Amino acid sequence: MEKNFLLRELNTFGFDVKARYFQELKTMDDVQELLRNPEFITCRDATLSRLYDTPPRLLILSGGSNILFSNEFYDGFVVYPNIKGIETLSEDAENIMIRCYCGEVWKEFVDYTVSKNLYGLENLADIPGKVGAAPVQNIGAYGAEVKDAVYQVHTIDLTTGGTKVFKNEECHFAYRNSIFKSLKNILIFAVDFVLKKNGELKLDYGNIRNYLINNNITNPTLKNVATTVKTIRAEKLPEVGVVGSVGSFFQNAIVSMDKFEEIKKMYAEVPSYPVDSDHIKVPSGWLIDKAGWKGHREGHVGVWDKQALVLVHYGGGKPQEILDLMKEIQISVKEKFGVEIKPEVNIV
Ligand code: EPU
């Protein structure tokens with residue numbers, strides 16, 4: 001266990017946050033040892049009792065690519081699961097089941113599956129973070145969500161030490177959400193994926209098809225799609241490790257049909273995606289852009305100039321600057337459109 005551990009490399013926003021206690025877990029034995037650690041037990045139990053306004057004192061941190069520490073000192077215990085390994089469990093003529101442990105880097109895992117010509121994760125290429133975190137917010141991009149490839153999720157309860165396997169339907173996957181967001185002290189140590197040996201490519205979202213046509217690719221392969229996604233992402237999103245960010249800072253807004261018609265009167269071209277008969281999804285990036293924030297810079301932080309859904313930290317700043325900017329943007333979008341936009345990032 002480390003004390004006063006600097007988390008700069010473990011939050012892609014790149015803030016100089018320190019944790020009172022920090023423990024990396026490389027094996028299941030490390031997990032058992034953690035469960036006996038007195039500082040861990042104290043922090044865990046304080047989190048569980050949560051008297052009055054005491055903030056939680058136990059945090060399971062993965063790649064740190066979807067987290068904002070609101071304070072520069074985390075007065076608690078950070079657990080960093082980092083178990084590696086990829087195994088084929090079974091296969092038949094159509095499908096293959098692969099177990100991937102939590103510490104594998106997501107984008108390297110996607111590259112591995114694409115290199116083996118396995119269908120299912122190609123649209124999720126280059127998403128930052130680690131495999132153990134992928135089910136938590138049901139990562140998604142370019143018309144795909146990880147839920148469609150997850151067979152089951154292996155967890156250990158850091159309160160009881162008991163293990164539990166969550167079958168896909170028990171994970172309650174939804175847009176950027178799952179049961180794991182609401183469970184306390186549950187560590188995901190491995191995920192089993194079912195991938196297809198022959199699948200259909202998803203080309204309908206955003207620019208994928210256009211990009212392929214513009215590059216004279218008429219009969220795209222799995223690799224073409226993964227490469228296209230990577231290229232489009234690189235054009236829109238700041239490079240992880242170079243500019244501090246967490247990808248999308250806000251969730252897309254789900255609004256009523258009436259609200260949508262109202263916005264449409266102002267901007268006939270407003271983009272949208274269907275949700276159900278009463279609701280429609282409007283990209284928050286578009287709302288923020290139309291409210292005039294794209295490329296705006298304030299001190300050490302700002303709004304990315306190629307995608308307004310992304311807030312960035314240029315270095316040397318404090319988390320509070322991002323929180324202030326977030327509030328200003330929320331108020332401005334509310335004033336202009338009457339729409340409340342919520343953070344997608346996990347604020348701790
Ligand atoms: N738009 C603008 N201005 C902007 C940004 C977007 O007008 O500054 C418009 C675009 O032109 C487009 C629409 O808004 O018509 C949607 O934009 P985009 O396709 O870039 O996707 P998004 O809805 O902003 C979502 C995910 C991203 C994911 C992309 C691609 C969420 C919160 N975000 O963004 O996920 O990569 O779709 O599938 O759902 C992430 O979660 O960190 C993330 C990057």
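Predicted model: local features only at pLDDT ≥ 70, side-chain atom pairs only at ≥ 80, totals over all residues.
Local features require pLDDT of at least 70 and side-chain atom pairs pLDDT 80 or more, whereas totals for chains, interfaces and linings use all residues. Residues are numbered from 1 along each chain as its sequence is written, and side-chain values use heavy atoms, with hydrogens and water left out.

Q: Which residues are closest to the ligand?
A: The ligand is surrounded by 24 residues. By class, the shell has 12 nonpolar, six polar and six charged residues; Ala, Val, Leu, Ile, Met, Phe, Trp, Tyr, Cys and Pro count as nonpolar, Asp, Glu, Lys and Arg as charged, and the others, Gly among them, as polar. The closest residues are Y142, Y175, R176, S248 and D289.

Q: How much of the accessible area of the ligand does the protein cover?
A: An N or O atom in the side chain of R176 is 2.7 Å from a ligand oxygen, and a polar side-chain atom of K236 lies 3.0 Å from an oxygen atom of the ligand. S248 places a backbone N or O atom 2.8 Å from a ligand oxygen. Of the 820 Å² of accessible area that the ligand has on its own (Shrake-Rupley method, 1.4 Å probe), the protein covers 84%.

Q: Which element gives the largest share of the shell around the ligand?
A: Helices (H or I, at least four residues) and strands (E, at least two) are DSSP runs, numbered from the N terminus. The elements that contribute two or more residues to the shell are β8 (140-141), α5 (222-236) and α7. The largest share, three residues, comes from α7.

Q: Is N138 buried or exposed?
A: N138 is found in the loop between α3 (106-115) and β8. Its phi is positive, about 45°, although N138 is not a glycine. Most residues other than glycine have a negative phi. With a relative accessibility of 0%, N138 counts as buried.

Q: Is H172 buried or exposed?
A: H172 lies in the loop between β11 (163-167) and β12 (186-196). The phi of H172 is near 50°, a positive value in a residue other than glycine. At a relative accessible area of 53%, H172 is exposed.

Q: With which residues is S332 in contact, leaving aside its neighbours within four places in sequence?
A: S332 lies in helix α8 and is buried, with a relative accessible area of 16%. Contact means heavy atoms within 4.5 Å. Apart from neighbours within four places in sequence, S332 is in contact with A291 and W293.

Key: Near = heavy atom within 4 Å. Polar contact = N/O pair within 3.5 Å; in protein donor to acceptor, adjacent residues only side chain to side chain. Buried < 20%, exposed > 50% of the residue type's maximum accessible area, 1.4 Å probe, protein only.
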